[in-house]
Amino acid sequence: MIAKLKHFIQSHTQESSPEDKVKHLNLAAATLLLEVVYADEHLSSSEAALLPAMLVNTLHISADEASELINEAKLSRHNATSLFEFTTEINSQFSVEDKQKLLLAMWKLAYADGELSQYEDQIIRRTADLLYLKHSELIQMRNIAMEIR
């Protein structure tokens, strides 16, 4: 426990290169998307197929980078204690429009299997609160996701 705390403090106090900052930001976003995918404890084939595309479109990365990012995000998600550590990173670097795109991607993943579980809904709503998005923005992104499916 103390070793993890030391590592956390060191990683946040050391100077980071711009590439490292982008990597941490992308990892935070990917982990939030994974939270939605695993919220109902069932990974459907439609969610698994949609996740890389959501990363490519939302983060503007290649398909190979998305695949690698998913693997890293699985580890990050497993070691996480809360959504706050990921939303803090996103709040520091994402614009409101970028946050809305991320929230839209979360809604699309939640509806990918044809139904919205209460756990998916709860994670998305909690994330929107932590990203300081208005309730109207949350509903607007949900409605867009529902229209697209």
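So, what should the 17 residues of helix α4 span at 1.5 Å a residue, and how far apart are its end C-alpha atoms? Hold that thought for a minute while I set things up.

This is a predicted model, so local features need pLDDT of at least 70 and side-chain atom pairs count only at pLDDT 80 or more, while totals for chains, interfaces and linings use all residues. Residues are numbered from 1 along each chain as its sequence is written, and side-chain values use heavy atoms, with hydrogens and water left out.

Okay, the overall picture. The chain has eight helices and zero strands, where helices are DSSP runs of H or I with at least four residues, strands are runs of E with at least two, and the numbering starts at the N terminus. Read from that end, the order is simply α-α-α-α-α-α-α-α. There are 149 residues, and 38% of them count as buried. By buried I mean under 20% relative accessible area; exposed is over 50%, and partly exposed is in between, using a 1.4 Å probe and protein chains only. The chain exposes about 8,900 Å², with carbon and sulfur atoms supplying 54% of that; the areas are Shrake-Rupley, 1.4 Å probe, and for residues only the protein chains shown count as cover. On contacts (heavy atoms within 4.5 Å): take those between residues at least 6 apart in sequence, and 73% of them join residues at least 24 apart.

Back to α4, then. Helix α4 covers residues 63-79, its 17 residues should span 24 Å, and the end C-alpha atoms sit 25 Å apart, which agrees. The expected span, by the way, is 1.5 Å times one less than the number of residues.

Which residues of α4 are buried? That would be A66, L69, I70, A73 and S76. They cover an arc of only 135° around the axis, which puts them on the same side of α4; the arc is taken over the directions from the helix axis to the C-beta atoms. As a reminder, an α-helix has 3.6 residues a turn, so residues three or four places apart point the same way.

Now salt bridges, meaning a side-chain nitrogen of Lys or Arg within 4 Å of a carboxyl oxygen of Asp or Glu. How many does a search of the whole structure find? It finds three.

One is K23 with E72, with the closest N and O atoms 4.0 Å apart. K23 lies in helix α2 and E72 in helix α4, so this pair ties together parts that are 49 residues apart in sequence. K23 is partly exposed, at 45% relative accessible area, and E72 is partly exposed too, at 22%.

Another is E35 with R77, at 3.2 Å from N to O. This pair also links distant parts of the chain, with E35 in helix α2 and R77 in helix α4, 42 residues apart. E35 counts as buried at 16% relative accessibility, whereas R77 is partly exposed at 27%.

Then there's D121 with R125, at 2.9 Å from N to O. Both lie in helix α7 (residues 118-130), four residues apart, about one turn of the helix. D121 is buried at 18% relative accessible area, and R125 is partly exposed at 27%.

On to aromatics. The whole-structure search gives one aromatic pair. It's W107 and Y111, stacked, at 6.1 Å centre to centre with 25° between the planes. The cut-offs: rings of Phe, Tyr and Trp (its six-membered ring) pair if their centres lie within 6.5 Å; planes under 30 degrees apart are stacked, over 60 edge-to-face, and the rest tilted. Both residues are in helix α6 (residues 96-111), four residues apart, about one turn. Buried or exposed? W107 counts as buried, at 0% relative accessibility, and Y111 is buried at 10%.

Last stop, α8. Helix α8 (residues 135-148) has 14 residues that should span 20 Å, and its end C-alpha atoms are 20 Å apart, which agrees. Its buried residues are E137, L138, M141 and A145. They cover an arc of only 105° around the axis, which puts them on the same side of α8. On the other side of α8, H135 and E147 are exposed. Cover for the buried residues of α8 includes α6 and α7.
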